[in-house]
Amino acid sequence: MKLIDGKAIAAKMKEDIKRETLALKEQGVTPGLAVVIVGGDPASQTYVASKERAADSLGFYSVKKELDQGVSEEALLKLVQELNEDEKIHGILVQLPLPDHIDAKKVLNSIDIRKDVDGFHPENIGKMIIGDEAFLPCTPNGIIKMLEYEGVAIKGKHAVVLGRSNIVGKPMAALLLAEDATVTVCHSKTRNLKEITALADILVAAVGIPGYVTPDMVKEGAVVIDVGINRVEGRLVGDVDFERVKDKTSLITPVPGGVGPMTITMLMYNTIESAKRKRED
Ligand code: NAD
C-alpha cells in the first residue's frame, strides 16, 4: 500500500500556479477570484477561508463578498451580475449551500460561464460531457490529476464511482470515461453494491457516510480514492474505513490530506486558466 499525498501534490501544483501568476502579472494581468458566501454556516465559512487563503498565497486578487442569511435572491443575482461585469475578476464562486428561499440553480446559472471556475454551470457541464474545452469541476478533476501524478493508468480499467451527485459522482464518472475507463456508477438504490465495488480497479467513494467502504468491498490491489469529508466526534474521517481497507489497496488517499487539498488547488488552476483566456481575448 502506498499513500497518495494530496497535500504534497497540491503544493507542487501551487508552485506552478504561483510562477504562472508572476508571469501574468508581468503582462499586466492579476488573476482575480471572487468568493460569495451567504449566511454563517461554520463549514462554509471554513471552506471559504481556505479558498481565500490559497488565493492570497498565490498572489491572486481575491475578493470575499459576505451576505446576510436573509438576503434576497434578487440582491444576490445583482451581485453576481456585478462580478460578471468586473474586469478584475476572472473566477466567481458562490459557496453552497444557499438558504432555502434562494433558488441555487438560478444563481449558479447566472454566473458568466467564462468565470464559472467551479464548473457547475449547465453549459460547462454539457461541454465537459462532449469533450469541449470547459472549466472542469474541481473535486473530480483534482482526482484525475492525482491519478496522473501517481502514474495510474486509467485507460481500459474498471472504475467504480460510489455516489451520483452533480458536484462529485456524475462529473467523476464523466471524466473517468473521457480517460477511457470502463465506468460503473453505484448509488443509494444500487443492488448487490458490494459485488460491483469488489470488481473495481479504481474505486472512488463519494457517499458522505463515515467508514462506508469496508475491506470486503475492495479488490486486492485496487486504487481507492476517498472523497468523503465527515465530522465524527470532532475528527474528520472519510467514506472509507481507512485502517481496515488500506492494506488491501495499492494506492489510497487519506482523509484529511487527500482529495481536499486538490479541490482547492483546482479552483486556483481554473482561475488562472480563466485569466489566461481573458488575456488572449
Ligand atoms: P451527496 O449527499 O450530494 O451525494 C451522496 C451520494 O451518495 C448520492 O448520489 C447517493 O445516491 C449516494 N449514496 C447515499 N447513500 C448511499 C448508500 N448507502 N450506498 C450507496 N450510495 C449511497 O454528497 P456529495 O456532495 O457528492 O459529497 C459526498 C461526500 O464527499 C461528502 O462527504 C462530502 O462532504 C464530500 N466532498 C468532499 C469534497 C472534497 O473536496 N474532498 C468535495 C465535495 C464533497
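Visitor: Which residue has a backbone N or O atom 3.0 Å from an oxygen atom of the ligand?
Guide: That residue is Ile229. Such a pair is a polar contact, that is, a pair of N or O atoms within 3.5 Å; within protein, one must be able to donate a hydrogen and the other to accept it, and residues adjacent in sequence count only if both atoms are side-chain atoms. Please note that this is a predicted model, in which local features need pLDDT of at least 70 and side-chain atom pairs count only at pLDDT 80 or more, while totals for chains, interfaces and linings use all residues. Residues are numbered from 1 along each chain as its sequence is written, and side-chain values use heavy atoms, with hydrogens and water left out.

Visitor: And what does Thr263 do there, with side chain or backbone?
Guide: A polar side-chain atom of Thr263 lies 2.7 Å from an oxygen atom of the ligand. Val227, in turn, has a polar backbone atom 3.3 Å from a nitrogen atom of the ligand.

Visitor: How much of the ligand does the protein bury?
Guide: The protein buries 72% of the 850 Å² that the ligand exposes when taken alone. These accessible areas come from the Shrake-Rupley method with a 1.4 Å probe; for residues, only the protein chains shown count as cover.

Visitor: How many residues are around the ligand, and which come nearest?
Guide: There are 21 residues around the ligand, and Arg164, Ser165, Tyr212, Val227 and Thr263 come nearest.

Visitor: Changing topic, where are the cis peptide bonds?
Guide: One joins Leu96 and Pro97, with omega about 0°. Another joins Val255 and Pro256, with omega about -5°.

Visitor: Last one: which domains does the chain have?
Guide: The domain assignment gives domain 1 (28-112) and domain 2 (138-260); such bounds come from an automatic or database assignment. The C-alpha centres of domain 1 and domain 2 lie 29 Å apart.

Key
Near = heavy atom within 4 Å.
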